[in-house]
Amino acid sequence: MTKQLSHYVNRDLSWIEFNRRVLSEAHHPDTPLLERMKFLAIVSSNLDEFMSVRVAGIQDQIKAGYHKKDFTGYTPGGLWRRLLKHTSTMVSEQYRTYRETLRGLEKEGIRFRKLQDLTPTQQSAMEIYFREIVFPVLTPMAVDQSRPFPLVHTKELYLAVLLQKVGCGMDEEPLFAIVQVPSILSRLVQIPGKISSKRTEFVLLEELIEKHMDTLFNGYIPVTVNPFRLTRNADLTLDEEGAEDLLEEIEKELRRRRWGMPVRLEIARGMHPYALQTLKEELEIGDNIIEIDGPLDLSFLMKLNGLVPGREHLRYEKLEPVYPAEFEESDDLFEVIRRRDVLLYHPYESFEAFNDFVTQAAEDPDVLAIKMTLYRVSGDSKLVQALANAAEQGKQVTVIVELKARFDEERNIAWARQLEKAGCHVVYGLIGLKIHAKMVLVVRREEDALRRYVHVGTGNYNESTAKLYTDIGLFTSHPVIGIDASALFNEVTGYSVPHNWKAFAAAPTNLKERLFELIDREKEHALAGRPAKIIAKMNSLSNQDMIDKLYEASQAGVQIQLIVRGVCCLRPGVPGRSENIRVISIVDRFLEHSRVVFFHNGGEEEVYLSSSDWMTRNLSRRVELMCPVLDGELRNILINILMLNLNDNVKARELQPNGNYVTVEREGSTFRSQFKAMDITSWKSLI
């Protein structure tokens with residue numbers, strides 16, 4: 001007798017399936033070799049966050065004695081064991097792929113060398129590099145009765161060293177010490193070669209330190225040197241209600257994060273038993289110890305591309321984002337937006353157009369106020385400088401900086417302080433809620449009256465990720481959207497009862513309810529025998545109520561097509577429940593990040609942009625935004641973009657009822673949506 005499947009796929013197991021799809025890009029023969037190394041790095045970074053947040057939370061539930069099943073049928077203990085098994089298998093596959101890719105790169109003259117294999121000249125150069133650059137920043141940390149075990153920072157690389165005093169017998173118990181591999185230095189140390197050489201060669205920093213370990217412990221012999229890496233619980237546990245100053249409370253919590261409970265210990269294969277036992281006892285780590293056959297933490301491979309000159313055939317063809325034609329019509333972007341709404345599709349269209357919009361607003365003497373949300377910004381942000389300049393010129397500048405943006409908290413605190421110094425009004429979010437909406441409001445004095453200009457986006461205002469993520473932004477001066485934008489900013493920055501939205505839907509007040517209304521409307525069309533269709537594109541779908549609502553619509557006959565890049569807890573194609581639902585995921589060169597929803601509405605089609613995924617946290621614990629696209633031509637453009645995704649038969653994977661993903665069946669010629677989108681006419685000219 002076969003076991004009855006739950007109506008839902010478990011969120012964490014679905015996440016592992018997503019990371020497998022990322023890993024598949026690292027060993028796909030069509031992926032250029034240096035790009036494969038990037039995907040391997042992304043897998044490592046993804047797994048780090050998964051362990052430090054999701055797995056850490058499950059571990060906390062187990063320690064608290066929580067045994068209740070979640071809505072997908074898993075207890076914390078049962079899920080924990082399954083996740084350890086799946087992640088261990090995935091890491092093994094990741095390192096097999098790493099070794100295969102290295103062999104491919106060696107044929108192209110890109111090699112990772114062992115120090116003992118270098119020529120005397122090269123070894124001498126490496127010794128000079130160690131002595132002049134590496135040695136001064138190393139700190140050996142012995143562990144004995146007078147020197148307790150030091151703090152091991154999360155996700156940093158260390159070397160566990162066993163030592164014997166010179167002249168002592170090898171049968172004596174070894175001494176233990178650790179050395180941190182300095183993250184301020186590159187893990188990839190380039191070996192000098194002939195100018196004419198076509199080879200690019202590296203040694204790993206940790207191997208260079210190991211080779212010269214005796215210089216750190218005079219009078220002692222290093223018996224073994226073994227790399228290790230600890231991942232700690234990184235979830236912030238803020239007492240927001242009791243915090244007098246949210247910024248100060250987050251800074252305290254970030255300091256406490258250094259002492260988070262250990263979640264995972266990664267060790268190099270063949271670690272000395274004594275060293276391993278010492279780490280297990282001192283770090284109080286349980287079962288989650290992963291032995292790795294290769295360098296720990298492959299995220300350093302993300303930088304390899306930039307260290308290898310030439311060899312363009314090993315990279316994706318360079319994409320030059322196009323400056324939007326609408327904004328080339330006039331130097332006055334406000335004039336353009338007054339005449340028509342403008343839609344930008346990144347990274348195919350340049351983010352510089354958005355920078356120009358904010359810069360022009362900052363410099364325009366007729367602009368009275370600029371209001372903006374900042375969730376994640378790049379390290380060298382032109383936006384922050386433009387906002388600071390606007391404040392210094394006397395404009396009312398209000399910036400909502402989300403201090404709780406995970407792993408960007410410290411950067412956002414620094415931006416917040418810089419903006420405050422320039423005279424901006426900085427708001428640090430709301431108690432119990434993250435501000436995840438992406439919105440800019442510019443208030444401008446014009447001949448007839450004040451006019452509001454609004455930008456609503458699906459992604460962060462981040463110049464770096466705008467080159468790597470697919471996101472969509474809408475510029476509009478529509479008065480109804482402007483009124484709603486003002487109201488949303490007022491609700492976040494002041495005391496306001498929930499607004500009676502005319503265009504927007506906003507979480508946590510009414511976004512979920514509005515989506516339910518729109519889904520129910522399609523359901524009514526289907527029950528009346530009219531065509532009914534929903535297309536929704538997002539990053540994740542895990543809210544049980546939303547899934548149940550989609551099941552209801554499917555059972556009524558609504559045709560539902562979902563483009564969900566990552567986690568999807570819905571099971572499509574189940575007879576009697578979800579046979580009218582299709583789910584695909586696209587993992588390709590760019591991270592699919594845009595959120596778009598289409599409703600057929602009996603032929604009166606509606607399309608919405610949103611900052612929100614369909615997860616419980618987005619619908620109930622964040623300030624999110626969904627905005628209608630009112631211009632008919634732009635609605636058609638968005639439908640074209642959705643159809644590009646739905647027609648993909650190269651990088652699309654289709655979710656099966658059992659929770660697995662399979663390659664989309666190909667009929668006829670190949671169709672790769674991201675490559676098609678690089679031709680702007682593929683989605684703009686079919687209006």
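Is Arg 444 buried or exposed? Select Arg 444: its relative accessible area is 10%, so it is buried (buried means under 20% relative accessible area, exposed over 50%, and partly exposed in between, with a 1.4 Å probe and protein chains only).

Before continuing, please note that this is a predicted model, in which local features need pLDDT of at least 70, side-chain atom pairs count only at pLDDT 80 or more, and totals for chains, interfaces and linings use all residues. Residues are numbered from 1 along each chain as its sequence is written, and side-chain values use heavy atoms, with hydrogens and water left out.

**First stop: the whole protein**

Display the entire chain in cartoon form. The protein contains 19 helices and 27 strands (helices, H or I with at least four residues, and strands, E with at least two, are DSSP runs numbered from the N terminus). Along the principal axes, the C-alpha atoms fill a box of roughly 90 × 75 × 60 Å. Of the 687 residues, 56% count as buried.

**Second stop: around Arg 444**

Return to Arg 444, which belongs to strand β15, residues 439-445. Show the side chain of Glu 446 as well: a polar contact of 3.0 Å joins it to the side chain of Arg 444 (a polar contact is a pair of N or O atoms within 3.5 Å; within protein, one must be able to donate a hydrogen and the other to accept it, and residues adjacent in sequence count only if both atoms are side-chain atoms).

Now select Asp 332, in the loop between α8 (304-307) and α9 (333-339). Asp 332 is partly exposed, because its relative accessible area is 23%.

Which residues does Asp 332 touch, not counting those up to four places away in sequence? They are Arg 338 and Gln 360. With Gln 360, the side chain of Asp 332 forms a polar contact of 3.0 Å. The side chain of Asp 332 also reaches the backbone nitrogen of Phe 334, at 3.0 Å.

**Last stop: a distance**

Finally, select the C-alpha atoms of Asp 332 and Asp 366. These residues are 34 residues apart along the chain, and their C-alpha atoms are separated by 13 Å.

Conventions: Contact = heavy atoms within 4.5 Å.
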